[in-house]
Amino acid sequence: MTNDEVQPYVGKAVRLTQSDGSVLAGTLHAEDGHGHGHVHYVVVSDPVQEGGKKVRALIHGAGLITQIEDASNDAAAVE
């Protein structure tokens with residue numbers, strides 16, 4: 001995908017598929033300004049264990065995302 005395709009989902013609960021086939025669900029954040037030609041995206045989801053830290057999955061550019069969809073109706077995806 002391109003940054004233009006991913007950008008509308010930033011700040012929202014999403015379910016996305018990466019180029020390796022893995023699926024992530026959580027709130028999508030963008031981290032620009034790393035100076036190496038692509039935007040970093042981070043999917044943040046609730047802790048796996050109660051009392052644990054939120055889980056952050058870093059994606060090095062929109063090109064690694066093959067599919068993205070709104071998951072605002074999925075309580076498991078809302079940060």
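Read along the sequence, the predicted model follows the pattern α-β-β-β-β-β, with 1 helix and 5 strands in the chain. The radius of gyration is 12 Å, close to the 12 Å that the globule rule gives for 79 residues, so the chain is as compact as a globular protein of that length. Along the principal axes, the C-alpha trace spans about 35 × 25 × 25 Å. Of the 79 residues, 30% count as buried. The chain exposes about 4,800 Å², and carbon and sulfur atoms supply 48% of this area. Among contacts between residues at least 6 apart in sequence, 43% join residues at least 24 apart.

In soluble globular proteins, nonpolar side chains tend to be buried together. In the present model, the largest nonpolar core comprises 12 residues: Val 6, Val 14, Leu 16, Leu 24, Leu 28, Val 39, Tyr 41, Val 43, Ile 59, Ala 62, Ile 65 and Ile 68. At least two residues of this core come from each of strand 1 (13–18), strand 2, strand 3 and strand 5 (65–70). Ile 59 is one of the core residues. With neighbours within four places in sequence left aside, Ile 59 is in contact with Leu 16, Gln 18, Leu 24, Val 39, His 40, Tyr 41, Val 43, Leu 64 and Ile 65.

Gln 18, a contact partner of Ile 59, is located in strand 1. The relative accessible area of Gln 18 is 16%, and this residue is therefore classed as buried, the limit being under 20%. When residues up to four places away in sequence are not counted, Gln 18 touches Leu 24, Ile 59, Leu 64, Ile 65 and Thr 66.

His 38 lies in the loop between strand 2 (23–31) and strand 3 (40–45). The relative accessibility of His 38 is 26%, a value that places this residue in the partly exposed class. Apart from neighbours within four places in sequence, His 38 is in contact with His 60 and Gly 61. A polar contact of 3.2 Å joins the side chains of His 38 and His 40. The C-alpha atom of His 38 is separated by 16 Å from that of Leu 28, a residue 10 places away along the chain.

A search of the whole structure identified 3 salt bridges. In one of them, Glu 69 is paired with Arg 15, and the closest N and O atoms are 2.9 Å apart. This pair links distant parts of the chain, with Glu 69 in strand 5 and Arg 15 in strand 1, 54 residues apart. Both side chains belong to partly exposed residues, the relative accessible area being 32% for Glu 69 and 27% for Arg 15. Arg 15 also meets Asp 74 in a salt bridge, with an N to O distance of 2.5 Å. Here too, distant parts of the chain are linked: Arg 15 is in strand 1, whereas Asp 74 is in the segment after strand 5, 59 residues apart. Asp 74 counts as partly exposed, at 25% relative accessibility.

A further salt bridge is formed between Arg 56 and Glu 31, whose closest N and O atoms are 3.1 Å apart. Arg 56 lies in strand 4 (residues 55–60) and Glu 31 in strand 2, so the pair ties together parts that are 25 residues apart in sequence. The relative accessible area of Arg 56 is 55%, and Arg 56 is exposed, whereas Glu 31 is partly exposed at 26%. Through shared partners, salt bridges join Arg 15, Glu 69 and Asp 74 into one network.

Technical notes: Residues are numbered from 1 along each chain as its sequence is written. This is a predicted model: local features need pLDDT of at least 70, side-chain atom pairs count only at pLDDT 80 or more; totals for chains, interfaces and linings use all residues. Side-chain values use heavy atoms; hydrogens and water are left out. Helices (H or I, at least four residues) and strands (E, at least two) are DSSP runs, numbered from the N terminus. Buried means under 20% relative accessible area, exposed over 50%, partly exposed in between (1.4 Å probe, protein chains only). Contact means heavy atoms within 4.5 Å. A polar contact is a pair of N or O atoms within 3.5 Å; within protein, one must be able to donate a hydrogen and the other to accept it, and residues adjacent in sequence count only if both atoms are side-chain atoms. A nonpolar core is a set of buried Ala, Val, Leu, Ile, Met, Phe, Trp, Tyr and Cys residues joined through side-chain atoms within 4.5 Å. A salt bridge is a side-chain nitrogen of Lys or Arg within 4 Å of a carboxyl oxygen of Asp or Glu. The radius of gyration is taken over C-alpha atoms; the globule rule is 2.2 Å times the number of residues to the power 0.38. Accessible areas come from the Shrake-Rupley method with a 1.4 Å probe; for residues, only the protein chains shown count as cover.
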